[in-house]
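Reader: I would like to go through this structure with a few questions. Please show it before we start.

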Amino acid sequence: MAAETQAATPAAKAGGPNHGLRIFLIWIVLALAADLVLWFVLGPHIPPGRLGSAAQGQQFDNNVMIAMSAPVLVLVLVYFTYAIVVWRRRPGDDADGPPLHGHSRIQALWITVTSVMVLSLAAFGTYELIVPYGAGGGEGPSPIWNPPGAELTAAAQQRPWAPGHVLVVQVIGQQWRFTYRYPGLGGFETTELVLPVNTMIQFDVTSIDVIHSFWAYQLGVKADANPGVDNVAYTKTQHLGRVTVRCAELCGLWHGAMFNYGKVVTVPQFQAWASSTSVALADVTKLLPPYSTTYDPTEIAHLGPVLQKLGLTGAGGGYYPPQDPSQP
Amino acid sequence: MSLPVRVGTLLVAFLAVVGGAIFVVIHYLLAGPPTVDFTSQAAPGQPVHIVLQEAPQTTVSDRPDWVSYFIQDPASHQWVHTTLFKVPAGSMIDVTVLGYDGCTPLRNPFWGKISGTVGNVEYVNGKPTQVLNSWGECSVAHTFSIPGIGLNVPIASPTTLAANNNLCGTSPCTSGPHTTVTFSFKAPATPGSYFWQCRIPCGLGFLDGFGGPMQTIGYMTGEMEVAG
């Protein structure tokens, strides 16, 4: 019976086609074509774009992974298609297929190739995380990978900014709006996110109420905004354009509406904007608490005398201590 | 048990389940505060007048200890317990807020800055004001903020101890210490819904004051529907 089956199988016929070579040749052509199309045609349009260095790095990483995974997908599809076309059941062919046996060389090759791919991607991913200073992700209050000129203390961040230097932008999350404070430009706070082009940006992300997440999509920056935590993320602006900022952490009733648009402008435009905004907001800037990498709004140093004067506590005029009352 | 009894029992149980589901949908999912319509009152080219009040409690609701906004119906002049209102697109909106609640400091003093109004100014008891310092004095009770159009108006509070200790005790308030805040802004030309909120953590009884009325439409947040 086995001999009959073997004899009835086209592949087993002496002098029959070399299916493995056929599949390999079809695969290599299609895989190469797919990779070229994906890299050069689709690649430039892969999110999140190239507005910032972190975004460009993420786009490159996405394209590398696509280029590596596409041949695998093509191989599976080629094999399936080939099998369906070449080894399909013919009219009148009622014979069993040939028995299958293990093929140690193919197994070893498969394990080796897939292991190399996975391990190389792991190494690549690690390299891509380190080299672009965290790849746009929040590194926490003590970032490991810092660009030259990064300012990690409140005092350093308040040094006047000059073009060509790292620009510190403090992102303050609060229900349901991000505000942005520019410590190196007088410390004003605004709802507008405006950035100069070709500048390394240091986002110091925090919150003064619940947990938010600062996601500047086109810049490739995403950092959790936690109360009491300074979460640092870096990117370098590379082109002029608009930035969509969204909160990426469910933060209450209007979380879905917590978004705004920022923009990357030329350095002179940025300086003009900063100058005019600083003047326009001067009356409220002087009311802001001293610049700090985090804020604890439950402790307002100079609020005590006001409340004492009024005899107000708790809901009548002050903040609730963090432990009281508990959430029902 | 006979067949008719079993069928009857099954039918009753089925109807009970269906009735319960309908009750839940109608009572909890579809129920909500009414929308006060200002479009029918608006003459072409004329401003729309909206009168709000902030009350220290909501004795007309099942949450009597929650602070809440009320909107005055333009036709009946009755106070409506809601935070939903509808205005014509592109119209000028004149707002009067009667601030009956006591002071609480802003969590972020940045929101003491008036923005998005005509002239970036509000009038507190007739006095033009561009910024309120809630950390330096007892001056702000709540805010009326529509982030989608950049509107932020801190609502001034009674400033004295005597006033803060004698706030109106029944809502909607008709008497008691209060401030009158007025301002104007232009409604967006694009129809749609724009949420508005208070930025004072005024949810008494909730962690850091962020729950309850702060997160509930009909109390300290709502929507402005802009009709085309």
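Author: A definition comes before the charges: Lys and Arg count as positive and Asp and Glu as negative, while His and the chain ends are not counted. The model is a predicted one.

Reader: How far apart do the centres of the positive and negative side chains of chain B lie?

Author: Chain B carries 8 positive and 12 negative side chains.

Reader: Is Thr221(B) buried or exposed?

Author: Thr221(B) belongs to strand β13, residues 221-227 of chain B. Its contacts include Phe195(B), Trp196(B) and Pro213(B) in chain B, along with Leu253(A) from chain A. The cut-off for a buried residue is under 20% relative accessible area. Because Thr221(B) has a relative accessible area of 0%, Thr221(B) is buried.

Reader: Which side chain is joined to that of Thr221(B) by a polar contact of 2.6 Å?

Author: The residues that Thr221(B) touches include Leu253(A) and Trp254(A). The polar contact of 2.6 Å runs from the side chain of Thr221(B) to that of Trp254(A).

Reader: What percentage of the residues in chain B are buried?

Author: The secondary structure of chain B consists of two helices and 13 strands. Chain B exposes about 9,700 Å², with 61% of that supplied by carbon and sulfur atoms. Of its 228 residues, the buried share is 48%.

Reader: What distance separates the centres of domain 1 and domain 2 of chain A?

Author: In the domain assignment of chain A, domain 1 covers 11-88 + 105-130 and domain 2 covers 154-285. Ten residues of domain 1 of chain A are in contact with 15 residues of domain 2 of chain A. Taken over C-alpha atoms, the centres of these two domains of chain A are separated by 39 Å.

Reader: Which residue does a cis peptide bond join to Pro172(B)?

Author: Most peptide bonds are trans. Pro172(B) sits in the loop between α2 (161-164) and β11 (179-186) of chain B. The cis bond there has an omega of about -5 degrees, and the residue joined to Pro172(B) is Ser171(B).

Reader: Where in chain B does Asn120(B) lie, and what is its phi?

Author: Most residues other than glycine have a negative phi. Asn120(B) lies in the loop between β6 (92-99) and β7 (122-124) of chain B. Asn120(B) is partly exposed, with a relative accessible area of 38%. Although Asn120(B) is not a glycine, its phi is positive, at about 50 degrees.

Terms used
Residues are numbered from 1 along each chain as its sequence is written. Chains are lettered from A and ligands numbered from 1 in the order in which they are written. This is a predicted model: local features need pLDDT of at least 70, side-chain atom pairs count only at pLDDT 80 or more; totals for chains, interfaces and linings use all residues. Side-chain values use heavy atoms; hydrogens and water are left out. Helices (H or I, at least four residues) and strands (E, at least two) are DSSP runs, numbered from the N terminus. Buried means under 20% relative accessible area, exposed over 50%, partly exposed in between (1.4 Å probe, protein chains only). A polar contact is a pair of N or O atoms within 3.5 Å; within protein, one must be able to donate a hydrogen and the other to accept it, and residues adjacent in sequence count only if both atoms are side-chain atoms. Contact means heavy atoms within 4.5 Å. Accessible areas come from the Shrake-Rupley method with a 1.4 Å probe; for residues, only the protein chains shown count as cover. The place of a charge is taken as NZ of Lys, CZ of Arg, CG of Asp or CD of Glu. Domain bounds come from an automatic or database domain assignment. Lists of a residue's contacts leave out its neighbours within four places in sequence.
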